[in-house]
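The following report describes selected structural features of a single protein model. Please consult the sequence and structure shown here alongside the text.

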Amino acid sequence: MSDTEIRTLEDLGDAVEGLDAAPSENAPRVYEQVLDAHGRAYATGKRKDAVARVWIKPGAGRITVNGREQETYFARPVLRMLLQQPLEAADRKDQYDVVCTVSGGGLSGQAGAVRHGISKALTHYEPELRGVLKKGGFLTRDSRVVERKKFGRAKARRSFQFSKR
């Protein structure tokens, strides 16, 4: 039967049966490794107003942020701990070198953006790590942003001090 002979619903049903069945919705998705020409995995991480571009490749575990070591860029230990979380959850602490550029926001938002980017890049390099990172909440973009300031208010919600006079 050619394509032009479909005139009834029965003809359409017969034509559809001949096609390959679409993958079922219950079948698990298969993720593939995504690498660039240099053998690196790339991902973009975001948090608040910060955006981080992250590349990972096999190495000794060095993390470079905007051309500087993580110890000099993120001076606070809490921020450095944030960067290590996805690597520790995946048990890949000293196996990958991370190079990232980050812009926008403050240091806290930038650390969160780099953490998000490292997590996504790890799933591009090793797709089987997706379950571990997803369970730890590292692949979810934290959508909370600062509420805007309203007119007639001191800040977003704070009113000016009330005076009866």
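## Arg92 and its surroundings

Setting aside residues up to four places away in sequence, Arg92 touches Leu87, Glu126 and Leu129. The model is a predicted one, and Arg92 lies in the loop that runs between helix 3 and strand 5.

Arg92 counts as buried because its relative accessibility is 17%, with the cut-off for that class set at under 20%. Its side chain also reaches the backbone oxygen of Ala90, at 3.0 Å.

## The largest nonpolar core

The largest nonpolar core holds 30 residues, of which Val54, Ile56 and Leu122 touch the most other members. At least two residues of this core are supplied by each of strand 1 (41-47), strand 2 (50-58), strand 3 (63-65), helix 3 (77-89), strand 5 (96-103) and helix 4 (107-125). Helix 4 provides the largest share, seven residues. In soluble globular proteins, nonpolar side chains tend to be buried together.

Val54 illustrates the contacts made within the model. Apart from its neighbours within four places in sequence, Val54 is in contact with Ala41, Tyr42 and Ala43, with Val98, Val99 and Cys100, and with Val114, Gly117, Ile118 and Ala121.

## Helix 4

Is helix 4 largely enclosed or largely open to the outside? Of its 19 residues, 14 are buried, so helix 4 is largely enclosed by the rest of the structure. The length of helix 4 can be checked as well: at 1.5 Å a residue, its 19 residues should span 27 Å, and the end C-alpha atoms are 26 Å apart, which agrees.

Ser119 is located in helix 4. With a relative accessibility of 0%, Ser119 counts as buried. Beyond its neighbours within four places in sequence, Ser119 is in contact with Pro86, Leu133, Phe138 and Leu139.

## The largest pocket

The largest pocket has a volume of about 160 Å³. Which residues line the largest pocket? The lining consists of Lys46, Arg47, Leu82, Ser108, Gly112, Arg115, His116, Phe138, Thr140, Arg141 and Asp142.

Strand 1 and helix 4 are the elements that give two or more residues to this lining. The largest share of the lining, four residues, comes from helix 4.

Key: Residues numbered from 1 in each chain as written. Predicted model: local features only at pLDDT ≥ 70, side-chain atom pairs only at ≥ 80, totals over all residues. Heavy atoms only, no water. Core = buried A, V, L, I, M, F, W, Y, C linked by side-chain atoms within 4.5 Å. Buried < 20%, exposed > 50% of the residue type's maximum accessible area, 1.4 Å probe, protein only. Contact = heavy atoms within 4.5 Å. Polar contact = N/O pair within 3.5 Å; in protein donor to acceptor, adjacent residues only side chain to side chain. Expected span 1.5 Å × (residues − 1). 1 Å grid on protein atoms, 1.4 Å probe; cavity = no way out; pocket = protein on both sides within 12 Å on 5 of 7 lines; lining within 4 Å. Points joined across faces, edges and corners; volume = space filled by probe spheres on them.
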